Amino acid sequence: MELQKLIEKAETTHKLTKEELTLLLSSSEAEEQLAAAADRVRKKYVGDAVHLRGLIEFSSYCRRNCMYCGLRRDNEKAGRYRLSPDEIKALAEKAVGYGYHTVVLQSGEDMWYTTERLVPIIRFIKKLGAAVTLSIGERTREEYAELKKAGADRFLLRIETTDRALYEKLDPGMSYDERCRCLHDLKELGYEVGTGCLIGLPGQTVEALAEDILFFQKIDADMVGIGPLIPNPDTPLGDEPTGDMGITRRMVSLIRLLLPEANIPATTAMETLIPHKGREIILKSGANVVMPNVTEGEAREKYALYPGKACVSDTPAYCRTCMETRINAIGRFIGSDAGARKHRR
């Protein structure tokens, strides 16, 4: 009964304490009720549309050395590539041709791609009529301002964990305060800001995950991406267990309940853990976004954050058709606009 009351509280007030969040995250018996409540809130605040974002993974070079990531600087086995500006533009044209209203430019922290090189690409995509989301890591406030001026609409920068000690242990050479500075600057500059966390990091507690949700609510995140840790054998966390899908699902549901207007993706990692239905499970647990990969050729395979990544062997055209079929099969439809966050409260 206590769990049911907490779920009702979350659905009606969109507020829970750290202790209440911890209790629900720890309760596998609450999972289906949480998902149902999150689905109702999703329908009320963001509707039945599922917004597709065309993802271009344009460089696998990274200056960082995060211990969970296959692109980490010290991973000598990583397949490195860097698409040229013209190659990125060509993929963006194809993405718009597939009907995507948003193009996501994602890479490791590749400093070859300076602001000066990125600005013309952003302007080109904007002329195609698409929104632009950047996922390129930490930059200065001045760089973020220039990219925003060029037309960038959104920025994805996952915090991964709000446990400061764990963050700085798993992201050597990086600063938790600097990460927060970036998120603050992006908000002030007028971006729609996306963040998120990994589930299953060694040393991560359920209490820390509850703190993550409260952090997302505190900064009023416009987008929140959640994914389970899928250990990459070529990283220091290669022997760790895979992140728990149940906790991941409960996290997604609770984020929808506490941030009812946010855009929440059903990430590829979910599909990797539960092939052919992982995305549907998360879409029915509060999510409303999918980011199909439009990268082609060897680059599609070399952007290996973790092993066994779903849909790597599929063509971008097949992915587009496949996702529409699957979304329609659960009674939802493809969004006909860029899917900007809608403020309804």
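**View 1. Met251 and its contacts in the predicted model.** Met251 touches Leu25, Cys197, Ile199, Leu209, Asp212, Ile213 and Ile226, leaving out residues up to four places away in sequence; contact means heavy atoms within 4.5 Å. The model is predicted, so local features need pLDDT of at least 70 and side-chain atom pairs count only at pLDDT 80 or more, while totals for chains, interfaces and linings use all residues. Residues are numbered from 1 along each chain as its sequence is written, and side-chain values use heavy atoms, with hydrogens and water left out.

**View 2. The largest nonpolar core.** A nonpolar core is a set of buried Ala, Val, Leu, Ile, Met, Phe, Trp, Tyr and Cys residues joined through side-chain atoms within 4.5 Å. Buried means under 20% relative accessible area, exposed over 50% and partly exposed in between, with a 1.4 Å probe and protein chains only. The largest core has 97 residues, of which Leu105 and Met251 touch the most other members. Helix H10 (residues 245-258) gives the most to this core, namely eight residues. Helices (H or I, at least four residues) and strands (E, at least two) are DSSP runs, numbered from the N terminus.

**View 3. Ser135 in strand E3.** Ser135 belongs to strand E3 (residues 131-135). Its relative accessible area is 13%, so Ser135 is buried. Apart from neighbours within four places in sequence, Ser135 is in contact with Leu105, Gln106, Ser107 and Leu156.

**View 4. Helices H2 and H9.** The axes of H2 (18-25) and H9 (residues 206-218) come within 9 Å and cross at roughly 120 degrees. Axes are lines fitted to C-alpha atoms, for helices over the stretch in contact, and angles run from 0 to 180 degrees between N-to-C directions. H2 and H9 are therefore oblique to each other; angles under 35 degrees count as roughly parallel, over 145 as roughly antiparallel, 65 to 115 as roughly perpendicular and the rest as oblique. The crossing of H2 and H9 is right-handed. On the H2 side the contact is made by Lys18, Leu21, Thr22 and Leu25, and on the H9 side by Val206, Glu207, Leu209, Ala210, Glu211, Ile213 and Leu214. These residues divide into seven nonpolar, one polar and three charged.

**View 5. Helices H4 and H5.** The axes of H4 (residues 85-97) and H5 (residues 115-127) come within 10 Å and cross at roughly 20 degrees. The two helices, H4 and H5, are therefore roughly parallel to each other. Pro85, Ile88, Lys89, Ala92 and Glu93 of H4 meet Pro120, Ile121, Phe124 and Ile125 of H5.

**View 6. Two histidines with positive phi.** His14 is not a glycine, yet has a positive phi of about 60 degrees. His14 sits in the loop between helix H1 (2-13) and helix H2 (18-25), and counts as buried because its relative accessibility is 5%. His276, also not a glycine, has a positive phi of about 70 degrees. The loop that holds His276 runs between helix H11 (268-273) and helix H12 (278-283). At 67% relative accessibility, His276 counts as exposed.

**View 7. Ala317 in helix H14.** Ala317 lies in H14 (residues 316-329) and counts as partly exposed, at 37% relative accessibility.

Conventions: A crossing is left-handed if the near helix is turned anticlockwise from the far one by less than a right angle, and right-handed if clockwise. Ala, Val, Leu, Ile, Met, Phe, Trp, Tyr, Cys and Pro count as nonpolar, Asp, Glu, Lys and Arg as charged, and the others, Gly among them, as polar.
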